[in-house]
Amino acid sequence: MKRSGKADLPLHYGFVPPWLAERMAKLGLAVVETMVMEYGNTAVLSKLSDPFWFQSLGAVMGMDWHSSGITTSVMGALKRAVNPHAKELGIYICGGKGKHSTQTPNELMKLSETTGLDGNYLVRCSKLSAKVDNTAVQDGFQLYTHNFVVNSAGQWTVIQQGMNTQTRVARRYHWHSENLQSFVSDPHTGICGPNTGRILNMADARAQGSRNAIMSMAGERPEHMLKEISQLVMPSHHDVRAKDVDLKRLGALLWLAHEKQPADFEELLLLQGLGPRTLQSLALVSEVIHGAPSRFTDPARFSFAHGGKDGHPFPVPVKVYDETLGVLHTSIQQSKLGSSDKAEAIKKLSQIARQAEQGFTPNADFEKVIEKERNESWRYGGRTVFGKAKPSVQQQLKLF
């Protein structure tokens, strides 16, 4: 299991409109609740530590699929939605962006009073993870957001992001406590990316003296250089392009949702009544919840669930979003009452999509798929930060 990862993202400004922020929180809670019931809260921390999975989660939530804003928006939505249910789920989210990040120690100490967790230890982990990424490795990125996620067993994940104003790129760092032995001896699995010149690496084995002088990390002497990391570098273009997506995976999903019918699959009978567009979104959400790590190498694909607030690849289909939320909410409530039939049906969606990919040859025109989604967006309550989608203007006057 990788202990950490890194993602380089184009620096974006702007805001998440209330109509999307509300839905992001609901979808985030539904994903976390389902994962906790199915796999336990440890699995949630493991997923959050994977930069590819995290980017896919942001895309399926309707955020701009490649932007730096995914980090603060997703973590803000999760914190608002998950913390009121923290005792039930066994997951607590602390910190945030800017001044909220500085409250992380206070939040962790208050948490220790109610849970019995070692607050001093958790505060130390929070501070050291920030120190390593912000100070020990000086790569031109200054941290401005820090989230510390801890479960009822005291395991934790850190998601923090730094900014490089010169290159207009934000860098997100992921940490995971599993198997972490020392913050100064191979704390990451490695750091790699485009060579931008010399950097100050206080985690280098040769920096022992300087490290002791600058930081109060007593230490084991690091014995090797930083190794390979899980790295995600997102492009600067806003639009989703064919090269950003695994067309075989996307094509098989579209074929299942729009050309096959749920009734064709015995496992999906409980989902009858859903339109093909909602089935498409639900299948992608199902994969976020149940998919293996290898399924998240192309996060852009998950933007085909609920579009993006900037209109790429298409406006957020609000009606589809709400119907997906309704199905997930119902499955969660039924599972709590002892009936897992609908939850199992949703899980089957990702399994069937994987099966359909075997031997599948995509033949759909990628640009026409996006054009179709945009043309029909108004039918699904399509919406972006610029306004609501409207029907295309009829070019020819009809007399009859």
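Student: Where is the place of serine 129?

Tutor: Serine 129 sits in helix H7, residues 119–136; helices are DSSP runs of H or I with at least four residues, strands are E runs of at least two, and both are numbered from the N terminus. This is a predicted model, where local features need pLDDT of at least 70, side-chain atom pairs count only at pLDDT 80 or more, and totals for chains, interfaces and linings use all residues. Residues are numbered from 1 along each chain as its sequence is written, and side-chain values use heavy atoms, leaving out hydrogens and water.

Student: Is serine 129 buried or exposed?

Tutor: Buried means under 20% relative accessible area, exposed over 50%, partly exposed in between (1.4 Å probe, protein chains only). Serine 129 has 0%, so it counts as buried.

Student: What does serine 129 touch?

Tutor: Contact means heavy atoms within 4.5 Å. Leaving aside residues up to four places away in sequence, serine 129 touches His146, Val158, Gln160, Trp175 and Phe183.

Student: And how do I look for enclosed space?

Tutor: Rolling a probe the size of a water molecule over the atoms shows where empty space is left. A cavity is a set of points on a 1 Å grid, over the protein atoms alone, where a 1.4 Å probe fits but cannot get out; lining residues have an atom within 4 Å of a point. The second largest cavity here is lined by Val32, Val44, Leu48, Trp53, Leu57, Leu78, Val82, Ile91 and Ile93. Helices H2 (41–48), H3 (51–60) and H4 (69–82) and strand E2 (91–97) each give two or more residues to that lining.

Key:
1 Å grid on protein atoms, 1.4 Å probe; cavity = no way out; pocket = protein on both sides within 12 Å on 5 of 7 lines; lining within 4 Å.
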